Structure formats: C-alpha cells, structure tokens
Amino acid sequence: MRFFLKLISAFLIFISVVSCSKDDNNEVVNLGLVGKWEYEKIGSINSSGEEVLASYVHACAAKKDFVEFTQASFSDTSFGGGCEIYTANYPSYSKNDNVVKFYANGNTEASFYYEILSLTETELKVKSIYTNVITGKASSTTVIVFKRK
C-alpha cells in the first residue's frame, strides 16, 4: 500500500511540475517583434523568385530610419535630408502566423502588410506587400531587412 501511495505522490508531483512550466503564457503578445528596428537593406524579388537586396540609404546622415512595434501599436519613422522627422502611426496591428496587418483609425486596414520571412533576436526580414485600394489585390512587393536597434 505504501508503494502505491509513493507512486501516486510521485506522479502528482510530476504532473504539477509539468503543468506549471515557464512556457505557459496566455497573453497574446508578439514579443519577438516588440522593439525598434532600423532599416538595413531593401530590395525586391526578381522574376526568378530570388531576393535582390542593397544597403538601405538613410537620407539623414545623423539619424537612421526605423520602425517600432509595441505590444499594441506600430510606427514607421523616417528622417528627411535635413533630418526632419516623418512618422506614420498605426494604433494597432495583428499577427497571424507570419502575416502582420496594420490598422489605422480603428479597424481600417492599411494598404500594406508584412509577411515575415525570418525573425531572430537581431534581424527581421519581411516582404512588405502593398495592395491596390481599388482592386484590393497586391500591387507591389518590397523586401526589407531590419536590424534591432
């Protein structure tokens, strides 16, 4: 009988340790995306399906263009030749698998979205796909590589 009690006790301890794992996270947060990302490379996909990338040229020598993901919002900040600042703010975004959609003014979907090609601690590579507002079909695709700021 003692053997069965010890066995049941060991089993219950095992179950409680496994069920209280650190991996449990009920929040819908895109922690991998959250942060500031500087533009590093930009390009396109040629007719053979290959990426053609070049170094991103920042117009302001003193400041680098960047995007920023918070847990809830997204912004794209660029600096002009005189280092004047331009920021496009999107109060919300959603991530479903590798597709990130941006929303302005409530639920109005932006005319572009990102398809994540790769994401590491230091690099984010996306296809930025712009849609024609009239037809709703993809009209252009740009490949962008960001590095974490």
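**Group meeting: a walk through the strands and rings**

Let's start with histidine 58, which touches Tyr39, Lys63, Lys64 and Asp65 once residues up to four places away in sequence are set aside; contact here means heavy atoms within 4.5 Å. Before I go on, this is a predicted model, so to speak of local features we need pLDDT of at least 70, and side-chain atom pairs count only at pLDDT 80 or more, while totals for chains, interfaces and linings use all residues. Residues are numbered from 1 along each chain as its sequence is written, and side-chain values use heavy atoms, with hydrogens and water left out.

Okay, back to the histidine. Histidine 58 sits in the loop between strand E2 (51-55) and E3. On naming, helices (H or I, at least four residues) and strands (E, at least two) are DSSP runs, numbered from the N terminus. Is histidine 58 buried or exposed? Histidine 58 counts as buried because its relative accessibility is 19%, and the cut-offs are under 20% relative accessible area for buried, over 50% for exposed and partly exposed in between, with a 1.4 Å probe and protein chains only.

Aspartate 65 takes us to tyrosine 86. Those two are 21 residues apart in sequence and 9.4 Å apart in space, C-alpha to C-alpha. Tyrosine 86 belongs to strand E5 (residues 85-90), and it counts as partly exposed because its relative accessibility is 46%. Its side chain makes a polar contact of 3.3 Å with the side chain of glutamate 84. Leaving out neighbours within four places in sequence, tyrosine 86 is in contact with Asp76, Thr77, Ser78 and Gly80.

Now the strand pairing, where two strands pair if DSSP finds at least two bridges between them. E7 and E8 are antiparallel, with five bridges, and valine 99 stands opposite glutamate 115 in E8. The hairpin of E7 and E8 has three residues between the strands, and asparagine 105 there takes a positive phi near 50°.

Next along, strand E8 (residues 108-119) runs antiparallel to strand E9 (residues 123-131), with seven bridges joining them. Which residues face each other here? Isoleucine 116 is opposite valine 126 in E9, and serine 118 is opposite lysine 125 in E9. The hairpin that joins E8 to E9 goes through three residues.

Then E9 pairs with strand E10 (residues 138-148), again in the antiparallel sense, over nine bridges. Leucine 124 stands opposite phenylalanine 146 in E10. This hairpin has six residues between the strands, and glycine 136 takes a positive phi near 80°.

On to the rings. Rings of Phe, Tyr and Trp (its six-membered ring) pair if their centres lie within 6.5 Å; planes under 30 degrees apart count as stacked, over 60 as edge-to-face and the rest as tilted. How many aromatic pairs does that rule give? The count comes to 15. Among them is a tilted pair of phenylalanine 74 and tyrosine 90, 6.0 Å centre to centre with 40° between the planes.

Another tilted pair is tyrosine 114 and phenylalanine 146, at 6.3 Å centre to centre and 45° between the planes. Here the link is from strand E8 to strand E10, 32 residues apart, and both residues are buried.

Last stop, the core. A nonpolar core is a set of buried Ala, Val, Leu, Ile, Met, Phe, Trp, Tyr and Cys residues joined through side-chain atoms within 4.5 Å. The largest one has 20 residues, of which Phe69, Phe74, Phe102, Tyr114 and Phe146 touch the most other members. E8 gives the most to this core, with four residues.

Conventions. Polar contact = N/O pair within 3.5 Å; in protein donor to acceptor, adjacent residues only side chain to side chain.
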